[in-house]
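The following exercises are to be worked with the sequence and the coordinates at hand. Each task is followed by a solution in steps.

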Amino acid sequence: MQTKYIFVTGGVVSSLGKGIISASIGKLLQARGYKITIQKFDPYINIDPGTLNPYEHGECYVTADGMETDLDLGHYERFTGIETTRHNSITTGRIYKTVIDRERHGDYLGKTIQVVPHITDEIKRRMLRDDEDFDFIITEVGGTIGDIESAPFMEAIRQLRWQLGHDAVCVHLTYVPYLKAADELKTKPTQHSVKELQSMGIQPDILVLRTERHLDDAMRLKVASFCNVDLECVVQSEDMPSIYEVPVNMQRQGLDAAILRKIGIPVGETPQMAPWHKFLKKQRNATHEINIALIGKYDLQDAYKSIRESLNLAGIYNDVKTRLHFVNSEYITAENIASKLNGMAGVLICPGFGQRGIEGKITAIEYCRNNDVPTFGICLGMQMMVIEFARNVLGYKDANSCEMNANTTHPVIDLMEEQKAIKEMGGTMRLGAYDCELREGCKTYKAYNGKSSIKERHRHRYEFNNHYLSEFESAGMKCVGINPDTKLAEIVEIPEKRWYIGTQFHPEYSSTVLHPHPLFMSFIKTCIDGTTEA
């Protein structure tokens with residue numbers, strides 16, 4: 001089958017949920033047996049979001065091959081189960097860098113380099129993806145129609161629509177606001193958004209209308225008439241109890257069928273998506289709640305998006321609703337930590353970079369260790385668990401990470417020797433999937449159902465200092481996961497505690513709707529058992 005292309009754009013306002021719609025389209029086509037991939041084109045000039053503040057752009061998601069990407073790739077993976085790569089995340093910065101590098105190399109034979117055709121040709125090359133055979137390639141373009149930054153991407157899509165003919169479809173997501181004072185839904189913003197898109201030479205084939213109120217057929221017909229779109233291709237995306245209801249809602253309205261008809265593929269029977277419906281049934285039936293504290297410094301849901309979703313998914317599969325409570329580590333003290341964690345069944349120490357808020361994390365960790373509260377530390381969270389243990393068990397009161405204090409006399413977290421000479425930002429990072437060997441019999445080994453070898457994704461710079469390994473082991477904190485090549489510590493745990501585990505890697509990156517991560521499953525199960533006992 002000739003590869004088909006679906007372009008997803010957005011208008012009116014940002015944050016409408018293009019990533020969720022793209023992931024839902026992918027899931028529905030996947031359920032019909034098609035081989036799909038989803039890619040995100042971001043208009044910002046950064047090479048990748050790795051250096052962006054989470055307050056600016058939410059979490060930084062990492063692919064198995066070590067690319068720092070937009071958080072929408074997390075939605076793609078959680079919905080479809082596919083493993084994305086660096087080819088699935090492109091920025092304006094990467095596009096321009098490629099073109100400039102070629103110009104410096106002499107590849108353009110002295111021609112004047114311009115946005116059209118050189119930048120747009122590079123965008124088109126990456127949109128077409130010749131590295132692997134797919135039935136459908138879904139391309140989401142970040143930002144909002146009318147943004148200056150998006151113009152080259154829109155021009156590339158315009159050209160591809162003409163080149164590909166019926167092998168390409170444009171899905172445009174817009175907003176239909178409700179005006180309370182007038183008690184009316186307004187379609188004018190959608191009309192203007194489509195008009196803006198048409199002015200760029202792109203006629204949308206399908207409109208997805210984001211709305212908080214149900215749209216009747218008369219409203220949909222009005223939009224279809226004013227925007228030159230078939231009525232069956234005007235789909236509404238209402239607020240749902242969960243983002244995981246969206247694919248089912250889209251299927252119910254025939255979004256996948258409309259795409260197939262536009263491309264000229266027989267629709268056939270509607271796939272049942274039995275595993276997905278089974279998951280949704282568990283989600284709806286989960287009534288008992290457990291409270292989990294997230295201890296970090298970014299008071300923004302998207303900053304820890306994959307962690308939040310991983311905890312929620314693990315809760316659903318354990319038949320509970322996971323209520324997450326963010327606790328800002330900057331404001332934690334020895335005097336208030338007990339009240340802040342009162343009623344919490346478990347605590348997750350969040351990842352991050354930099355000095356801000358780490359002492360609060362260490363205070364929380366000490367409280368959890370002393371009171372046997374189930375504790376899960378991820379990346380920097382694991383490093384803080386190591387530092388707390390060094391200070392309060394081994395007695396090294398100035399123990400720290402060299403990231404936080406280069407002059408500490410007990411650098412229990414440090415750079416490897418070969419990293420210290422690297423000066424480029426990001427050059428010292430350990431990114432992507434690495435092997436890990438587990439110690440048989442430990443809690444982590446049992447959580448992974450007896451697997452002795454695992455592979456997990458990393459995003460960090462500093463490492464556990466093996467110089468102190470024997471002291472930690474003797475005092476009760478065991479290093480139960482080791483990278484077989486570098487001998488670096490990947491997992492620490494205190495066996496005598498109910499659940500006290502820290503991972504240098506990020507397990508949240510590989511937790512999906514149909515396959516929740518085993519560590520999150522084990523953590524939540526222990527938290528539930530603790531509340532049952534209480």
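**Exercise 1.** Classify D217 as buried or exposed, and do likewise for R220, its salt-bridge partner in this predicted model.

*Solution.* 
Step 1. The relative accessibility of D217 is 54%, and the limit for an exposed residue is over 50%, so D217 counts as exposed.
Step 2. R220 has a relative accessible area of 14%; because buried means under 20%, R220 is buried.
Step 3. The side chains of the two residues meet in a salt bridge, with 3.0 Å from N to O.
Step 4. Both belong to helix α8 (residues 217–227), where they are three residues apart and therefore separated by about one helical turn.
Step 5. An α-helix has 3.6 residues a turn, so residues three or four places apart point the same way.

**Exercise 2.** Determine which parts of the chain are linked by the salt bridges D167–K4 and E132–K35, and state the accessibility of each partner.

*Solution.* 
Step 1. The closest N and O atoms of D167 and K4 are 2.5 Å apart.
Step 2. K4 lies in strand β1 (residues 4–10) and D167 in the loop between α6 and β7 (168–175), so this pair ties together parts that are 163 residues apart in sequence.
Step 3. Both D167 and K4 are buried.
Step 4. For E132 and K35, the N to O distance is 3.0 Å.
Step 5. E132 is in the loop between α5 and β6 (136–141), and K35 is in the loop between α1 and β2, 97 residues apart.
Step 6. The relative accessibility of E132 is 38%, which means that E132 counts as partly exposed; K35, with a relative accessible area of 39%, is partly exposed.
Step 7. The model holds 36 salt bridges by the rule applied.

**Exercise 3.** Which residues touch the most other members of the largest nonpolar core, and what surrounds I6?

*Solution.* 
Step 1. The core has 58 residues, of which I6, I25 and F136 touch the most other members.
Step 2. Helix α1 (residues 18–31) supplies the largest share of this core, six residues.
Step 3. Residues up to four places away in sequence aside, I6 touches I25, L29, F136, I137, I138, T139, V169, V171 and I259.
Step 4. A second, separate core has 40 residues, including I295, I332, C368 and C402.

**Exercise 4.** Locate C479 and identify its contacts.

*Solution.* 
Step 1. C479 is in strand β21 (residues 478–482).
Step 2. Its relative accessibility is 4%, so C479 counts as buried.
Step 3. Apart from neighbours within four places in sequence, C479 is in contact with R439, L469, E473, A489, I491 and V492.

How values were computed. Residues numbered from 1 in each chain as written. Predicted model: local features only at pLDDT ≥ 70, side-chain atom pairs only at ≥ 80, totals over all residues. Heavy atoms only, no water. Core = buried A, V, L, I, M, F, W, Y, C linked by side-chain atoms within 4.5 Å. Buried < 20%, exposed > 50% of the residue type's maximum accessible area, 1.4 Å probe, protein only. Helix = DSSP H or I, 4+ residues; strand = E, 2+ residues; numbered from the N terminus. Contact = heavy atoms within 4.5 Å. Salt bridge = Lys/Arg side-chain N within 4 Å of Asp/Glu carboxyl O.
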